[in-house]
Amino acid sequence: VRYWADRPGSASRPPPAGTGDLGIVYEDESVIVLNKPAGLLSVPLGTRAGATSVFDQVATYLRGRGGKAPFVVHRIDRDTSGLVVFAKDPRARDVLKAQFRRREPERVYWAVVYGRPEPAEGRWTDRLVWDDEALIQKETHPRDPKGADAVADYRVLETFRITSLVEVRLHTGKRNQIRIQARLRGHTLVGEQRYVFGPAALRPIAFPRQALHAYRLGVVHPVTGRPLQFEAPVPSDLQGLLDTLRADAQ
């Protein structure tokens, strides 16, 4: 079953009045799926005391209807927009998290990158290690016991004058994975501030965040076993960037 974030009535339960800003795509007794805006944490972080997270917003929403706080299943970066799922009970959480551990969910992102990846579609495979001090992913050698494999398939959807729109399908879900894997191949994301190289003149396009959007998410329902697929259209800021790039390329 497919659900679209921008299609009225596509959710199994209509979002209650006053929750439009929450971006509910789907909700039932076991799960809730949201279209997270950029700039909002997925879950609270101790290093960002007081920063609002979508987890906090969902908890407030559920408690206001007699429910309990949600359970975290996965997360996306603060400045990445798009789909994120929470469970409503421990059993649903455990089943969904097991799916992610087995790399079963469909996780498709759209990214605007500098340059034109060659070939136009393929697979990125790297060995990454998280640097706890710098708080970034780094490439490491294949036998590093602290490293972890990062695998993603990509395909170029559209090319512009100096950038490309790329679809990336994750097979692994490492933190910042798409951002570092694109950077390792010389294709820094537009708006990226952390995974960059060389002078700023190499990145002339002004954009207030990394141009990355969690476009499609597919999971198996933790209770019914029914396949579910969700899609969230690109938000207005990213759409504006694409419109500008298309106009510039003409």
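This is a predicted model: local features need pLDDT of at least 70, side-chain atom pairs count only at pLDDT 80 or more; totals for chains, interfaces and linings use all residues.

Trainee: Okay. How many cavities of 30 Å³ or more are there?

Mentor: The count comes to one. About 40 Å³ of space lies in the largest cavity.

Trainee: Which strands each supply at least two residues of its lining?

Mentor: Strand 6 (106-114) and strand 11 (212-220) do. Strand 11 gives the most, with four residues.

Trainee: And which residues line the largest cavity?

Mentor: The lining is made up of His74, Leu83, Arg107, Val108, Tyr109, Ala214, Tyr215, Arg216 and Leu217. By type, they divide into six nonpolar, one polar and two charged.

Trainee: Now the open side of things. What volume does the largest pocket have?

Mentor: The largest pocket has a volume of about 1300 Å³. It is lined by 42 residues, and the closest to its centre are Arg75, Ile76, Asp77, Arg175 and Asn176.

Trainee: How does that lining divide into nonpolar, polar and charged?

Mentor: You get 15 nonpolar, 12 polar and 15 charged residues. Helix 2 (90-101), strand 6 and helix 3 each supply at least two residues of the lining.

Trainee: Which other residue has a positive phi of about 60° although it is not a glycine?

Mentor: Leucine 135 has one. That residue is in the loop between strand 7 and strand 8. Leucine 135 is partly exposed, with a relative accessible area of 42%.

Trainee: Let's move on to helix 3. How many of its eight residues are buried?

Mentor: Six of them, so helix 3 (residues 177-184) is mostly covered. The buried ones are Gln177, Ile178, Arg179, Ile180, Gln181 and Ala182.

Trainee: What do those buried residues pack against?

Mentor: They pack against strand 6, strand 7, strand 8 (136-139), strand 9 (148-159), strand 10 (163-170) and strand 11.

Trainee: What comes just after helix 3?

Mentor: Glycine 186, which takes a positive phi of about 80°. Glycine 186 and arginine 116 are 70 residues apart in sequence, yet 9.4 Å apart in space, C-alpha to C-alpha.

Trainee: Where is arginine 116 found?

Mentor: Arginine 116 is in the loop between strand 6 and strand 7 (121-131). At 45% relative accessibility, it counts as partly exposed. Leaving aside neighbours within four places in sequence, arginine 116 is in contact with Thr159, Phe160, Arg161, Ser164 and His187.

Trainee: Which peptide bond is cis?

Mentor: The one from glutamate 118 to proline 119 is cis, with omega near -5°. Proline 119 lies in the loop between strand 6 and strand 7.

Trainee: Last topic, rings. How many aromatic pairs does the structure hold?

Mentor: It holds six aromatic pairs. Take tyrosine 3 and phenylalanine 230: their ring centres are 5.4 Å apart and their planes are at 25°, so the pair is stacked.

Trainee: Which strands do those two lie in?

Mentor: Tyrosine 3 lies in strand 1 (residues 2-4) and phenylalanine 230 in strand 12 (residues 227-231), so the pair ties together parts that are 227 residues apart in sequence.

Trainee: Are those two buried or exposed?

Mentor: Tyrosine 3 counts as buried at 7% relative accessibility, and phenylalanine 230 counts as buried at 1%.

Key:
Residues are numbered from 1 along each chain as its sequence is written. Side-chain values use heavy atoms; hydrogens and water are left out. On a 1 Å grid over the protein atoms alone, a cavity is a set of points where a 1.4 Å probe fits but cannot get out, and a pocket is an open set with protein on both sides within 12 Å along at least five of seven lines; lining residues have an atom within 4 Å of a point. Grid points are joined across faces, edges and corners, and a volume is the space filled by probe spheres set on the points. Ala, Val, Leu, Ile, Met, Phe, Trp, Tyr, Cys and Pro count as nonpolar, Asp, Glu, Lys and Arg as charged, and the others, Gly among them, as polar. Rings of Phe, Tyr and Trp (its six-membered ring) pair if their centres lie within 6.5 Å; planes under 30 degrees apart count as stacked, over 60 as edge-to-face and the rest as tilted. Buried means under 20% relative accessible area, exposed over 50%, partly exposed in between (1.4 Å probe, protein chains only). Contact means heavy atoms within 4.5 Å.
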